[in-house]
Amino acid sequence: MTRYLLRGATLPDGSPADIVIDEGRIVSTAPGAASDGPGTIVIDAGGLVALPGLVDLHTHLREPGFEQSETVLTGTRAAAAGGFTSVFAMANTLPVSDTAGVVEQVQSLGDAAGYATVRPIGAVTVGLAGERLSEIGAMAQSRAAVRVFSDDGKCVHDSLLMRRALEYVKTFDGVIAQHAQDPRLTENAQMNEGALSSELGLKGWPAVAEESIIARDVLLAEHVGARLHVCHLSTAGSVDVIRWAKARGIAVTAEATPHHLLLTEDLVRSYDARYKVNPPLRRDDDVQALREGVADGTIDIVATDHAPHPRESKESEWDAAAFGMVGLESALPVVQTALVDTGLIGWQDVARVLSTAPARIGRLTGHTHSFEDGAPANLTLVDPSDRSVFTLDRLHGKSVNTPYEGLELAGNVRWTFHHGFPTLRDGVLAPADEVAASAASIAQHRIGAQSHG
Ligand SMILES: NC(=O)N[C@@H](CC(=O)O)C(=O)O
Ligand SMILES: [Zn+2]
Ligand SMILES: [Zn+2]
């Protein structure tokens, strides 16, 4: 394997570093200490911030079943372009990822592609139908070793099923990731409920539909003593409920998406379905509350909810259009724009909310996120001085349903290393055949690490 020297990088804590990568691992980070042996590729990392490889706990890769929107290969190319080295693949595929067979298939596709570590999420209920628990134990014990279970796209609404699911995952330290949406309160809902939804004549989606499920679930998690993760918080009230639950010592974690940290419902005035997403874009005071929630640690992570949809699903009229936005390539720029450049968080917090905390919540093994000598080299180099208008050529997945086209965002990902292999090189994706050729050794790393716990 090639040896790399990333010269003049800045670590998240602000300290300078010359990062040497060899045999897929970080050999040293001490400035000046690195000598360029023959065959070392030297990268000028001056002005670039080195972050541990980003980890997305909430990605829709769409394979199997919806390959016209995305595949494991194209979605992980988008991930690498966005600085991600691991993604957790949501279960709303076709067939649904509710059996050991499907989660192992998703994991194998990720291993073969090689652009990022793919960790499948298992469905909580069979077919996401909300009626019977899926084979949670078999998925946990499978080669995919699933630790995160979610019916995302749908809420696990039945209280007894939710209780049983929490009891089940508790036995192996798993977590239920809840899409908190009361189905009865949101029937045919199209956007945030309020003055604007009345004005636009679109059926509203009240904040309480999210907050009431979160309140119930934190109490269930407390009762069972199990871990609960709440997907895509979107309202100020949700942040309050999570803050209350954490103060009470409940084992709950929460995520916010980049789009809910930057965009508001006012965009819906355009009736442009690029802005149609579940949960809906909310008001400015919600955005502010979410930002404060990330800054004070109430919200543990930022997760993309990368949700690719084909053009025809987004070009129809608002009511008929699909919910969802792509988000892997824009995540880091939006986080810098909304949280870092506003002075709310620093780069160490970015490393936490986009890498170490999601890795911990998902019990990601064999993929450490530190700059310690000997750690697997999963890292990304970001240019924080970049200011550029977001364009569709920044996207590398199959779908282009981004809300950021034409917006100026701060920060850009330049390099991504996945287990020592550069998947993104000064902004250019490595060719698929080269990445696939390195994939066997990457899989080897992971299997070795998993068997050690
Ligand atoms: N976020 C969305 O608007 N859509 C997601 C489902 C989901 O995350 O709930 C999708 O799968 O398209
Ligand atoms: Zn969801
Ligand atoms: Zn989702």
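Histidine 60 counts as buried because 27 C-beta neighbours lie inside 10 Å; a residue is called buried if 20 or more other C-beta atoms, placed from the backbone, lie within 10 Å of its own, exposed if 12 or fewer, and partly exposed in between. The model is predicted: local features need pLDDT of at least 70 and side-chain atom pairs count only at pLDDT 80 or more, while totals for chains, interfaces and linings use all residues. Residues are numbered from 1 along each chain as its sequence is written, and chains are lettered from A and ligands numbered from 1 in the order in which they are written.

Histidine 60 is placed in the loop between strand E6 (54-59) and helix H1 (72-81). Helices (H or I, at least four residues) and strands (E, at least two) are DSSP runs, numbered from the N terminus. Apart from neighbours within four places in sequence, histidine 60 contacts Met90, Asn92, His306, Ala307 and Pro308, a contact being a pair of residues whose C-beta atoms, placed from the backbone, lie within 7 Å. Leucine 61 lies in the loop between E6 and H1 and is buried, with 32 other C-beta atoms within 10 Å. Its contacts, not counting residues up to four places away in sequence, are Glu70, Val72, Gly75 and Ala89. The loop between E6 and H1 also holds proline 64, which is joined to glutamate 63 by a cis peptide bond with omega about 5°.

UniProt, in an unreviewed entry, lists a "binding site" that includes His60, Leu61 and Arg62. UniProt positions are given in the numbering used here, feature names are shortened, and annotations may be inferred rather than shown by experiment. The residues around ligand 1 include His60, Asn92, Asn278, Asp305 and Phe323; a residue is near a molecule if its C-beta atom, placed from the backbone, lies within 6 Å of it. The shell around ligand 1 divides into three nonpolar, six polar and two charged residues. Here Ala, Val, Leu, Ile, Met, Phe, Trp, Tyr, Cys and Pro count as nonpolar, Asp, Glu, Lys and Arg as charged, and the others, Gly among them, as polar.

Aspartate 305 carries the UniProt annotation "active site" (unreviewed entry). Aspartate 305 is found in the loop between strand E15 (301-302) and helix H10 (311-314) and counts as buried, with 28 C-beta neighbours inside 10 Å. Leaving aside neighbours within four places in sequence, aspartate 305 is in contact with His58, His232, Thr257 and Gly327.

Among the buried residues of H6 are Leu220, Ala221 and Val224. Leucine 166 touches Leu220, Ala221 and Val224, among others, not counting residues up to four places away in sequence. H6 is followed by glycine 225, with a positive phi near 80°.

Most residues other than glycine have a negative phi, and most peptide bonds are trans. Histidine 419, which is not a glycine, has a positive phi of about 45° and counts as buried, with 28 C-beta neighbours inside 10 Å. Aspartate 426 has a positive phi near 50° and counts as exposed, with 11 C-beta neighbours inside 10 Å.

Conventions: Two residues are in contact if their C-beta atoms, placed from the backbone, lie within 7 Å.
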